[in-house]
Amino acid sequence: MGNRIHVVINPAAGQPEPILHVLNDVFRPADVKWDVSITQRYGDATRQARQAAESGADIVVACGGDGTVMEVVNGLVGTDVPLGILPGGTGNVLSIELDIPQSSEEAARLLAGEEGEIRQVDLGQCGETYFLLRVAVGYDAQRINLTTRELRDRFGRFAYFVAGLQAIPESRAVRYLVTLNGEQLEVEGFTCLVANAGSMGIKGMSLASDVSISDGLLDIFVVRDFDFQSLTATAASILDKPLDPERFRHWQAREITISTDPPQPVVGDGESWGETPIEVKVLPRAVHVVAPARIEE
């Protein structure tokens with residue numbers, strides 16, 4: 001897939017793994033020229049990815065979780081250099097969305113071989129910052145903020161469920177004023193999600209069956225009732241049924257403004273973005289990603 005591959009490694013993501021041995025075992029027989037950079041603090045991955053792209057890398061790879069992936073994407077925006085993913089975090093939601101193997105060895109073989117394809121996917125933008133997965137407002141943002149490194153190390157992906165329980169006592173319904181492509185509406189709810197990708201981090205489980213990462217649209221969900229079914233949406237997704245309008249509101253738009261009364265916390269792709277109000281928009285097919293080739297039906 002690529003003869004010159006640069007891998008940005010976040011050593012703090014996920015569980016310890018001898019990733020350099022894996023890369024050497026896969027890339028060397030495939031005659032791939034590769035090098036790595038190691039992140040130490042937030043922002044390193046963006047800078048390193050941009051430098052690698054400017055230096056002629058055919059693929060720049062994020063080795064870490066979704067936060068590392070998003071940092072690398074911020075460095076690749078505006079270039080034609082594809083993003084590669086070696087899943088190494090707690091959730092690895094984007095890799096699951098794109099059917100990328102969860103094994104580091106298999107994911108590396110995808111990057112080095114001919115079995116993959118370059119997919120063009122949408123990118124969300126909020127100010128000068130980008131997101132690939134979703135922006136959370138209200139309860140869901142608070143849940144993510146409470147998911148500490150200690151919780152992730154102890155419970156893995158179930159840490160988000162534990163943090164969700166911790167966030168419940170402080171959760172209250174608020175008034176959302178939402179502008180969709182210039183049209184204003186008002187709705188009361190406990191949390192709001194602006195989704196570019198639908199995956200919930202478990203293969204086959206999505207926020208809704210019609211959410212697509214490459215349709216040129218963002219999906220907006222407001223959870224109206226505070227119960228377990230509403231907050232996970234799994235029942236509707238698994239059964240491929242429409243979302244219950246008594247529990248959810250769902251729209252699609254290209255440009256979105258969200259304000260709340262009172263102000264609510266905002267999280268974008270796992271990073272705290274302060275409080276509402278926010279403005280977001282979609283950049284259609286703005287990111288190139290190495291993914292498994294899709295089978296034509």
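A cavity, on a 1 Å grid over the protein atoms alone, is a set of points where a 1.4 Å probe fits but cannot get out, and its lining residues have an atom within 4 Å of a point.

## The model and its cavity

This is a predicted model, in which local features need pLDDT of at least 70 and side-chain atom pairs count only at pLDDT 80 or more, while totals for chains, interfaces and linings use all residues. Residues are numbered from 1 along each chain as its sequence is written, and side-chain values use heavy atoms, with hydrogens and water left out.

Searching the whole structure turns up one cavity of 30 Å³ or more. The volume of this largest cavity is about 50 Å³, where a volume is the space filled by probe spheres set on the grid points, joined across faces, edges and corners. Which residues line the largest cavity? They are Val-73, Leu-76, Val-77, Thr-79, Val-81, Ala-286, Val-287 and His-288. Helix H3 and strand E16 (278-292) each supply at least two residues of this lining, and E16 gives the largest share, three residues. Helices (H or I, at least four residues) and strands (E, at least two) are DSSP runs, numbered from the N terminus. By class, the lining has six nonpolar, two polar and no charged residues; here Ala, Val, Leu, Ile, Met, Phe, Trp, Tyr, Cys and Pro count as nonpolar, Asp, Glu, Lys and Arg as charged, and the others, Gly among them, as polar.

## Helix H2 and its cover

Have a look at helix H2 (residues 44-54), where Asp-44, Ala-45, Thr-46, Gln-48, Ala-49, Ala-52 and Ala-53 are buried. Buried means under 20% relative accessible area, exposed over 50%, and partly exposed in between (1.4 Å probe, protein chains only). The cover over these buried residues includes strands E1 (4-9), E2 (33-38) and E3 (59-64), together with helix H3 (66-76), judged by contact, that is, heavy atoms within 4.5 Å. Just after H2, Gly-56 has a positive phi of about 100°.

A salt bridge is a side-chain nitrogen of Lys or Arg within 4 Å of a carboxyl oxygen of Asp or Glu. The two partners sit three residues apart, about one turn of the helix. Asp-44 counts as buried because its relative accessibility is 8%, whereas Arg-47, at 38%, is partly exposed.

By the salt-bridge rule, the count comes to five. In one of them, Arg-175 meets Glu-186, with the closest N and O atoms 3.5 Å apart. Arg-175 is in strand E8 and Glu-186 in strand E9 (residues 183-189), so this pair ties together parts eleven residues apart in sequence.

Arg-175 also bridges to Asp-261 at 3.7 Å, N to O. Asp-261 belongs to strand E13 (residues 255-261), so this link with Arg-175 in E8 ties together parts 86 residues apart in sequence. Through shared partners, the salt bridges join Arg-175, Glu-186 and Asp-261 into one network.

## Thr-179 in strand E8

Is Thr-179 buried or exposed? Thr-179 counts as buried because its relative accessibility is 17%. Its place is in strand E8 (residues 174-180). Leaving out residues up to four places away in sequence, Thr-179 touches Gln-184, Glu-255, Ile-256 and Thr-257.

Notes
1 Å grid on protein atoms, 1.4 Å probe; cavity = no way out; pocket = protein on both sides within 12 Å on 5 of 7 lines; lining within 4 Å.
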